[in-house]
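Please look over the sequence and the structure before reading on.

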Amino acid sequence: MDWSPTIDTADGPVYEGIVAALDRDIASGRLHRGQRLPTHRALAQALGVDLTTVTRAYNEARRRGLTDARVGQGTFVAESRSRPARAAAGIAIDLSMNLPPQPIEADLEGRIARGLAALQHEHGFSEFLTYQHAGGSETDRSTAALWLRRRIRTAEADRLLVAPGTQSTLTSLLLATTSADDVVLVDRLTYPGFKAAAAALGVRLVGVEADEEGMIPEALAEAAGRHRAKAVYLIPTMHNPTTLTIGPTRREQLAATIRRCGLLLFEDDAYGSLDPKLQPIAALVPERSYLAVSLSKCIAPGLRVSFVLAPDRAAAAALANALRTVAQMPVPLMVALVMRWLVDGSADAIISAVAVEAAARQRLAAKALAGYNYRAHPKGLHVWLALPSAWTRAEFASHIQRQGLAVVTSDSFSVDDHPEHAIRIALGAARSRSDLVVALDLLTTALRSPTYASRIV
């Protein structure tokens, strides 16, 4: 047989021992995604147990997300333990939410369960259920700084904060450093969450021209002078939505322009951990920079743990006060879990597995979208696809929604009235690669469809 489990029945019934062995062998890499498991009868004969015992074990394994059963083919190791998120009515596969995939190799659920059990054993949960410092404890900040320093050479604990997610960080940044009617410069297409935060605080966003290398330094300098801008917001790595990663030379040019023009830099490093070769722009001009490093796109958004590097201690203290106003504090239990992962290597293992899975999904997207005008990063979570002129953006989004898919049009990202004729396709939310292939097939079928198809009643 391809799999012969070692079963420990000392603490429970045999079927639970089979499930535990399956879970353990997946986590260790002995079993891999998509591997076919022995038939119920073959495993029962090999183990010398009743057929009903194996059937019960396989049913329980499927319930826990360890396996998938395919009609007429058998039982296979699942690609992911995640379950489809609750989507809007009529949406079968959501390609609008930019989530990291949860490959079974990451063992995310297993790591959460083991990590929480260890925290309970070592500390109990009570100490994590009370108020704590808005920017994290000194120990947490030191742990995070040490982890970040491998990629970001300027990471220092005394100017680092642990925050409850990047969205809270961006809102707090604007609250701490800007006033109503101040101008912040951005790419003409930018993250909708930053748009929402700016609108809520009365901050004006002005789009700056870019070329194939990113925001143009001369255009940034001109806009800074003309609008008396306070800051610039950039996503230099795997830009959301265009997928562009700014190269080293342009990063240096932008850093020099930011310093020369007296701007603050708000750098959103949501995706940097997936492709850590390049230093953030903030590392080139740390005295004027706030760098937000998220775990939402490289581990899981539900953790609500991120890190932010401020220019100095005073700026970090002011930002901590703003974070306290916006969100009080990050969730202490999740912070404790994340810190444990940073120390024991679990965070790196999860990120590595997510990056491998993201790359595999990008290859599937490249195959499906061959011949179409699109942009992508080989390790990114999304694709930026130009729509055929026969479709309007609204018609296309509405049409594929009736096919059970959801995407985001360029209108959501635009800061002016002239967005590109394009959509963002998120690849991570599909539960498996096979689900993604189905979704991409439906999408490309729609791209080939004439516009009148969307108007048929």
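## A pair across the chain

Arg 188 has a relative accessible area of 27% and is therefore partly exposed, where buried stands for under 20% relative accessible area, exposed for over 50%, and partly exposed for what lies in between, using a 1.4 Å probe and protein chains only. This is a predicted model, in which local features need pLDDT of at least 70, side-chain atom pairs count only at pLDDT 80 or more, and totals for chains, interfaces and linings use all residues. Residues are numbered from 1 along each chain as its sequence is written, and side-chain values use heavy atoms, with hydrogens and water left out.

Arg 188 forms a salt bridge with Asp 416, their closest N and O atoms being 2.7 Å apart; the term means a side-chain nitrogen of Lys or Arg within 4 Å of a carboxyl oxygen of Asp or Glu. The two residues are 228 residues apart and link distant parts of the chain, with Asp 416 in the loop between β16 and β17 and Arg 188 in the loop between β5 (183-187) and α7 (192-201). Helices (H or I, at least four residues) and strands (E, at least two) are DSSP runs, numbered from the N terminus. Asp 416 is also partly exposed, at 27% relative accessibility.

## Other salt bridges

By the same rule, the count of salt bridges comes to 25. One of them joins Asp 158 and Arg 313, with 3.0 Å between the closest N and O atoms. Because Asp 158 lies in the loop between α5 (138-148) and β4 (160-163) and Arg 313 in helix α10 (residues 313-327), this pair ties together parts that are 155 residues apart in sequence. Asp 158 is partly exposed at 35% relative accessibility, whereas Arg 313 is exposed at 60%.

Asp 275 and Lys 277 meet through their side chains in a salt bridge of 2.5 Å, N to O; Asp 275 is buried at 11% relative accessibility, while Lys 277 is exposed at 66%. A network of salt bridges links Arg 33, Glu 79, Glu 105, Glu 357, Arg 361 and Arg 433.

## A buried histidine

His 239, in the loop between β9 (231-234) and α9 (248-261), has a relative accessibility of 5% and so counts as buried. Leaving aside residues up to four places away in sequence, His 239 touches Asp 187, Leu 189, Leu 244 and His 382, a contact being heavy atoms within 4.5 Å. The His 239 side chain reaches the backbone oxygen of Leu 189 at 3.2 Å.

Methods:
A polar contact is a pair of N or O atoms within 3.5 Å; within protein, one must be able to donate a hydrogen and the other to accept it, and residues adjacent in sequence count only if both atoms are side-chain atoms.
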